[in-house]
Amino acid sequence: FRTLGAPKEVLSALSDMGLLCTELERWDDAARAFDEAAQIADALGDIPARVHLDVSRAELEIARGDFRAARTACEVAMSLSAQTSDGVARGEIERQLGRIARELGEFAAAEEHLSHAEQIALDRADTLLEAQTSWERAELHRAQGRYRDALIHFSRGHRLFATLTGTNSGAEIDRLQSRLERQFVEAAREWMASIESKDRYAQGNAERVADLVC
């Protein structure tokens, strides 16, 4: 695409490369791809593309544990999003801000951001965002030791993902579902461990709820 002089295609390819390198935990390669893509987006004046790049950059920084950089990327994305007519990626930005707040132990702020993300998903009929936000709320409840609520939100997210199977993003949805299922099992085990010292009735009740939300 560089040889062909096609900057939009270069931008798209770099964005995809950054996401792939993030999945592979090749942090520096991902950062370089996003940085170059951002320069092209700025040169083209493509604000929506730049917003999505900053959201992807936030995801990278969350993955490698640099929450200050992740929050900065979200703030840049939010500022740019406000310049678009439809508030592009606003729900995804709120979801990422919720993740950051949760990782920093700012649970009230996390709940607020995730509530905003969920409302945006509902308003825009964005099932993928709704499913991912339900997953993040499950992780928030899990971090607070609220395992019953966590399992309910895991189950809800799983049902939403199931409605997206067979779409053009089917392989990605399957990957996300598999990850969610693993987190569900881990949360259920943590809940069981947390009540082992309690009476047999409480443990049996936890097992019934886990079976129910599955």
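By a search for paired cysteine sulfur atoms, the count of disulfides in this predicted model comes to zero.

**Overall form**

The protein contains ten helices and zero strands. Read along the sequence, its pattern is α-α-α-α-α-α-α-α-α-α. The C-alpha trace spans about 70 × 35 × 35 Å along its principal axes. Of the 214 residues, 45% are buried.

Helix 7 runs over residues 127-143. What is its reach from first C-alpha to last? Helix 7 has 17 residues and reaches 24 Å, close to the 24 Å expected at 1.5 Å a residue. Because 14 of its 17 residues are buried, helix 7 is largely enclosed by the rest of the structure. Just after helix 7 comes Gly145, which takes a positive phi of about 80°.

In soluble globular proteins, nonpolar side chains tend to be buried together. The largest nonpolar core in this model has 18 residues. Those with the most contacts inside this core are Trp135, Leu151, Phe154, Phe161, Leu180 and Trp191. Helix 7, helix 8 (147-162) and helix 9 are the elements that give two or more residues to this core. Helix 9 provides the largest share of the core, with seven residues.

**The largest pocket**

About 1,200 Å³ of space lies in the largest pocket. Its lining is made up of 40 residues, and Glu59, Glu92, Arg95, Arg99 and Gln132 lie nearest the centre. By type, the lining divides into 15 nonpolar, eight polar and 17 charged residues.

Which helix supplies the largest share of this lining? Helix 3 does, with eight residues. Helix 3 spans residues 47-63. The helices that each supply at least two residues to the lining are helix 1 (7-23), helix 3, helix 5 (90-103), helix 7 and helix 9 (170-194).

**Single residues**

Most residues other than glycine have a negative phi. Glu25 sits in the loop between helix 1 and helix 2, while Ala125 sits in the loop between helix 6 (107-123) and helix 7.

Is Ala38 buried or exposed? Ala38 lies in helix 2 (residues 27-44) and is buried, because its relative accessible area of 13% falls under the 20% limit. The C-alpha atoms of Ala38 and Val88 are separated by 16 Å, and the two residues are 50 residues apart along the chain.

| Residue | Relative accessible area | Class |
|---|---|---|
| Glu25 | 56% | exposed |
| Ala38 | 13% | buried |
| Ala125 | 64% | exposed |

Key:
Residues are numbered from 1 along each chain as its sequence is written. Side-chain values use heavy atoms; hydrogens and water are left out. On a 1 Å grid over the protein atoms alone, a cavity is a set of points where a 1.4 Å probe fits but cannot get out, and a pocket is an open set with protein on both sides within 12 Å along at least five of seven lines; lining residues have an atom within 4 Å of a point. Grid points are joined across faces, edges and corners, and a volume is the space filled by probe spheres set on the points. Helices (H or I, at least four residues) and strands (E, at least two) are DSSP runs, numbered from the N terminus. Ala, Val, Leu, Ile, Met, Phe, Trp, Tyr, Cys and Pro count as nonpolar, Asp, Glu, Lys and Arg as charged, and the others, Gly among them, as polar. A disulfide is a pair of cysteine sulfur atoms within 2.5 Å. The expected span of a helix is 1.5 Å times one less than its number of residues. Buried means under 20% relative accessible area, exposed over 50%, partly exposed in between (1.4 Å probe, protein chains only). A nonpolar core is a set of buried Ala, Val, Leu, Ile, Met, Phe, Trp, Tyr and Cys residues joined through side-chain atoms within 4.5 Å.
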